[in-house]
Amino acid sequence: MTRISTAFAKPHPALVCFVTAGDGPTAAILDVLVAGGADVIELGMPFTDPMADGPAIQAANLRSLGAGTTTADIFALATGFRARHPATPLVLMGYANPMVRRGAEWFAAHCAAAGVDGVICVDIPPEEDDALGPALRAKGIAPIRLATPTSDAARLPTILDGSAGFVYYVSVAGITGKQQAAQGSIDEAVARLKAATDLPVAVGFGVRTPEQAAAIARVADGVVVGSAIVELVGEHGDSAPGKVREYVSALANAVHSARKVPA
Amino acid sequence: MNAPNSFRNQPDERGHFGQFGGRYVAETLMPLILELDREYRAAKQDPAFAAEFDDLLEHYVGRPSPLYYAPRLTEALREGAPAGKGAQIWFKRDELNHTGAHKINNCVGQILLAIRMGKTRIIAETGAGQHGVATATVAARFGLPCVIYMGARDVERQSPNVFRMKLLGAQVIPVESGARTLKDAMNEALRDWVANVHDTFYIIGTAAGPHPYPELVRDFQSVIGREAREQMLKRTGRLPDVLVAAIGGGSNAIGLFHPFLDDAEVKMLGVEAAGHGLDLQHAASLAGGAPGVLHGNKTYLLQDEDGQIAEAHSISAGLDYPGIGPEHAWLRDVGRVEYTSVTDVEALDAFQLLCRTEGIIPALEPAHAIAAVAKLAPTMDRDAIILANLCGRGDKDIFTVAEALGAQL
Ligand SMILES: Cc1ncc(COP(=O)(O)O)c(C=O)c1O
């Protein structure tokens with residue numbers, strides 16, 4: 001069992017939380033995500049040109065880079081996290097260029113050394129897997145792929161072939177932090193994905209409230225929340241950890257108990 | 001590196017030009033990119049598609065554009081040349097096209113593809129506004145709604161083109177992120193596209209982006225080189241010695257170069273924007289960049305050691321981009337095309353030189369090519385022929401030039 005598969009094997013659905021590395025007091029924020037009940041952490045690697053992100057995560061990327069965050073800083077954050085939280089899976093999420101800049105092998109080796117469990121690269125589709133996938137697999141790091149509303153039956157096998165860790169279902173065709181998908185379309189998509197793979201399926205994009213998260217957790221193996229947390233960090237800066245903890249606890253309660261039958 | 005048998009059969013079926021190119025896009029876009037590829041292959045085989053494209057280029061765009069020998073520029077450059085030196089300078093006059101630049105060639109081709117695919121909404125990014133104007137033009141011609149993303153800084157420095165786009169019925173959205181120029185406009189256009197894949201066609205304005213864009217933009221722009229090759233043979237009985245073109249993303253350059261790539265005797269020179277100078281802020285991604293991934297393709301990019309993209313600078317909004325089309329990246333690495341760069345100041349001088357010697361006001365983009373010609377011609381024999389791509393006219397730039405020269409309008 002890997003850290004990721006263990007997290008998804010818990011007796012309840014998983015809460016997956018995203019924050020941008022280097023935006024605000026990241027180490028403290030990561031700690032409160034775990035304390036608040038997050039089961040998997042996605043640590044965003046800031047990029048100058050986050051083409052798939054909406055205003056909230058764009059702004060977080062700029063704040064982080066403006067504060068001078070480097071790739072070395074991100075690996076230092078990951079290394080520190082792993083020392084403090086030996087069991088919680090940590091996934092790096094970002095864009096291709098910062099990942100391949102020094103070579104895919106370099107990046108994969110540093111992920112492994114820092115205790116990173118998986119990598120989500122927004123702009124490396126299966127067609128360009130060579131650019132990063134083989135290097136990650138060689139180091140035992142899971143290349144986590146995205147499926148979207150445009151991934152039809154013909155496309156799914158291409159996505160799933162070579163995927164590991166979990167499948168991230170992006171529930172809206174669009175950028176992060178915008179509208180939420182209709183629950184009916186999520187139910188249908190998750191059913192389709194689960195019929196096609198044994199990997200856990202986590203659903204994200206546009207999830208904000210504990211109620212939305214609970215509705216998704218009734219059908220999916222995990223729920224991803226990103227922009228809403230990033231907005232709290234943007235708003236509260238150094239004092240964000242307390243607010244984030246409160247918010248994540250509410251999400252975790254909702255997600256973890258989503259499938260319990262009310263007494 | 002071994003020279004390939006032909007330089008004209010790139011990319012491979014995955015859209016790779018050697019290590020460059022490819023399809024580095026979000027998964028949401030992949031099915032559409034694959035469909036575009038299939039549709040483009042089918043259109044290429046369809047004589048009706050070619051016939052409609054050719055007809056529009058002739059009767060709407062005004063092709064073929066003239067091939068022009070520039071006698072007074074040639075003479076002016078001979079004045080400072082050593083005895084017996086000073087090549088003849090010829091121009092391919094794509095600035096005479098409808099809308100004033102080469103950009104329209106590509107837009108005509110892409111809107112025909114959009115219609116073929118049943119798309120009902122058009123989006124585009126623009127830097128100088130020439131591609132935005134050309135896109136708004138074809139959208140009006142075919143009655144499709146059109147949204148143009150333009151960096152807020154470019155909106156300021158290219159205001160005549162902003163008004164043109166609006167007259168043509170397009171909605172112009174100023175982009176406030178980043179340096180507020182072309183790169184940021186492209187990010188925003190991609191964000192629109194992922195949210196509207198079902199009905200929207202993205203008309204990319206240069207020979208870059210995810211496969212098949214670099215290939216199809218090149219193919220549509222290759223009309224420039226095909227015409228020029230035929231015209232030059234007819235007028236002089238031979239091929240030019242050197243081709244020169246300015247490079248933003250590289251579409252006018254690849255359009256001129258591609259039909260000549262297997263003519264071994266024809267040398268080629270691509271001219272990047274050196275902005276304030278290569279040791280300061282510039283837009284010369286081959287001269288000052290390294291391979292990386294941005295906007296759907298792998299190519300040379302201006303970036304730091306962590307892969308963060310640098311802000312480019314050029315006085316020419318159309319060249320102000322930190323990347324370059326992947327085919328140029330490949331052509332440079334295999335050594336078939338040479339690349340150089342020209343500063344803002346040199347381009348401004350060349351701009352004025354062409355105005356005074358030939359009565360042609362060039363756009364600031366081809367002014368970079370002319371500056372390179374001005375350096376090159378005096379080193380070549382008098383019977384040598386330089387053919388430069390005069391890919392745009394300068395009406396849009398008069399405010400920028402006035403400001404740079406300290407003139408009050
Ligand atoms: C007249 C003109 N030339 C050149 C360019 C640069 O683009 P490309 O390198 O694709 O030809 C532009 C871009 O806006 C332009 O307007």
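Which side chains of E27(B) and R155(A) meet, and in what kind of bond: which type of bridge joins them? Select both residues: E27(B) and R155(A) form a salt bridge, at 2.7 Å from N to O. A salt bridge here is a side-chain nitrogen of Lys or Arg within 4 Å of a carboxyl oxygen of Asp or Glu. In general, side chains of opposite charge can pair when their charged atoms come close.

Before moving on, some housekeeping. You're looking at a predicted model, where local features need pLDDT of at least 70 and side-chain atom pairs count only at pLDDT 80 or more, while totals for chains, interfaces and linings use all residues. Residues are numbered from 1 along each chain as its sequence is written, chains are lettered from A and ligands numbered from 1 in the order in which they are written, and side-chain values use heavy atoms, with hydrogens and water left out.

**Stop 1: where the chains touch**

Color chains A and B separately. Here 35 residues of chain A are in contact (heavy atoms within 4.5 Å) with 34 residues of chain B. About 2,800 Å² is buried between the two chains, and carbon and sulfur atoms give 49% of it. Buried area is the accessible area (1.4 Å probe) that two parts lose on being put together, summed over both. Now pick M51(A), R101(A) and E128(A): they supply 22% of the area that chain A buries against chain B, more than any other three residues.

The count of salt bridges between chain A and chain B is 4. Next, highlight α5 (96-100) of chain A, a helix (a DSSP run of H or I, at least four residues). α5(A) gives the most to the side of chain A that touches chain B, with 4 residues.

**Stop 2: the ligand**

Zoom to the ligand. Of the 17 residues around it (a heavy atom within 4 Å), T206(B), G248(B), G250(B), S251(B) and N252(B) come nearest. Show the side chain of S251(B): one of its N or O atoms is 2.6 Å from an oxygen atom of the ligand. For H102(B), the side-chain N or O atom is 3.0 Å from a ligand oxygen. Taken alone, the ligand exposes 390 Å² (Shrake-Rupley method, 1.4 Å probe), and the protein buries 97% of that.

**Stop 3: a link within chain B**

Finally, select R41(B) and E215(B), whose side chains meet in a salt bridge at 2.9 Å, N to O. R41(B) lies in helix α1 (residues 30-45) of chain B and E215(B) in helix α9 (residues 213-221) of chain B, so this pair ties together parts that are 174 residues apart in sequence.

Note on methods
Helices (H or I, at least four residues) and strands (E, at least two) are DSSP runs, numbered from the N terminus. A polar contact is a pair of N or O atoms within 3.5 Å; within protein, one must be able to donate a hydrogen and the other to accept it, and residues adjacent in sequence count only if both atoms are side-chain atoms.
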